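Q: Could you walk me through the terms used for this model and show what each one rests on?

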Amino acid sequence: MTRREVVAVIPARGGSRGVPRKNLRRVGGVPLIVRAIETAQATRGIDRVVVSTDDPEISGLARAHGAEVVTRPAGISGDTASSESAIDHTLDVLSAQGVDFSVIVFIQATSPFIDPADIDDAISRVEQGTADVVFSAVPSWGFLWRPDGDDGRVAGINHDPQHRPRRQDREPEYLETGAFYVLDADGYARARHRFFGRIAAGIVAESSAIEIDTEEQLLTASTLAAVIDPATPAIDVDAVVTDFDGVHTDDRVLLSEDGTEHVVVSRSDGMGVAQLVRAGIPVLILSTERNRVVAARARKLGVEVLHGLDDKESALVQWAADAGIPLERIAYVGNDVNDLGCLERVGWPVATPAAHPLVHAAARVVLTRPGGDGAVRELAERVLAARTTTAEHDPTREDTRA
């Protein structure tokens, strides 16, 4: 008999009212849809990850990160469409393909900090039969109020305002976070709703409970990412693109009386670039600076350079297309606001420690070594570390550009 699968379904419409293109917006340098996919892939109990979307960009990104895609019809892609309608359609498509599933894991991309271990625990509870539905929740001891009349008065909902016991004397209530729902597939087929049968709360850390529906919540999540996300020692990419000033240099310039400019660079960075080149990893210096020192440094390093640019983002996109390298497989290192377009385009946006705050907010990784003093060497070592790790786990892996 074929084993019934645990299927993760991630609904991700292209449109959104509160936050435009919400599922593609980045938290900690990573698009929300990619964070959801990577969470599902890191959950040991999930066999198949499927994204339901009406959007070609989301579809392409999902496939690039190893998820299956089910194209959602326009009739269930609008603002009024329920999540259940997307799940139903996805399951119907999978069933027609001969996929048999025992558990459905409904994951919302708008929750960026889901712990895979929490989903695994919920799957175990459903598979063992102790619950039909497990949803993510945090304990709450909050006192709730509701409007009571037209004059601004309010009334207590979950408490008597005349008798307010201490927190330690009260039983908690549970606030649904909306991050994930784990459902028994047979029960869901009968109910066609995410709540049925024996319903249990899967308690998650309060730090993982944020759900993004507004620009303010997106900003909060981006700030929290630097604290919540695990450290990333390795950077798995096929190419490295860097800004020049503030990356290869300390962003200062020595100016002689005749107007000649001089910069200071690091021999350590030069060695890092040489190691990348020897490993067959393309390196490009991309700069708006028109000074000839940029081209001179590129020649010394033996790498490509495009400088004196007005539009770095378009140049990056064209270079990647000509080289046959997906933008998702590129690391871009920047330090100032004119790098933001490029950082938004690549799979691995990287910032130097002294970069502009907006660059830090857009970055997936913030280096520890300063620009002009080991930043490029640190990046090179992280990229090469990823190559070594991948080779150890999959010695047959071929270059993705072959």
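Predicted model: local features only at pLDDT ≥ 70, side-chain atom pairs only at ≥ 80, totals over all residues.

A: Residues are numbered from 1 along each chain as its sequence is written, and side-chain values use heavy atoms, with hydrogens and water left out.

Q: Why is Q108 called buried?
A: Buried means under 20% relative accessible area, exposed over 50%, and partly exposed in between (1.4 Å probe, protein chains only). Q108 has 17% relative accessibility, so it counts as buried.

Q: What makes helix α1 (residues 32-42) largely enclosed by the rest of the structure?
A: Eight of its eleven residues are buried, so helix α1 counts as largely enclosed. Those buried in α1 are L32, I33, V34, R35, A36, I37, T39 and A40.

Q: Which residues are in contact with Q108, leaving aside its neighbours within four places in sequence?
A: Contact means heavy atoms within 4.5 Å. With those neighbours left aside, Q108 is in contact with S83, I114, G178, A179, Y181 and E211.

Q: What is the mean pLDDT of the protein chain?
A: On this scale of the predictor's confidence in each residue, from 0 to 100, the chain's mean is 92, and 96% of its residues reach 70 or more. Over residues 398-402 the pLDDT is below 50.

Terms used. Helix = DSSP H or I, 4+ residues; strand = E, 2+ residues; numbered from the N terminus.
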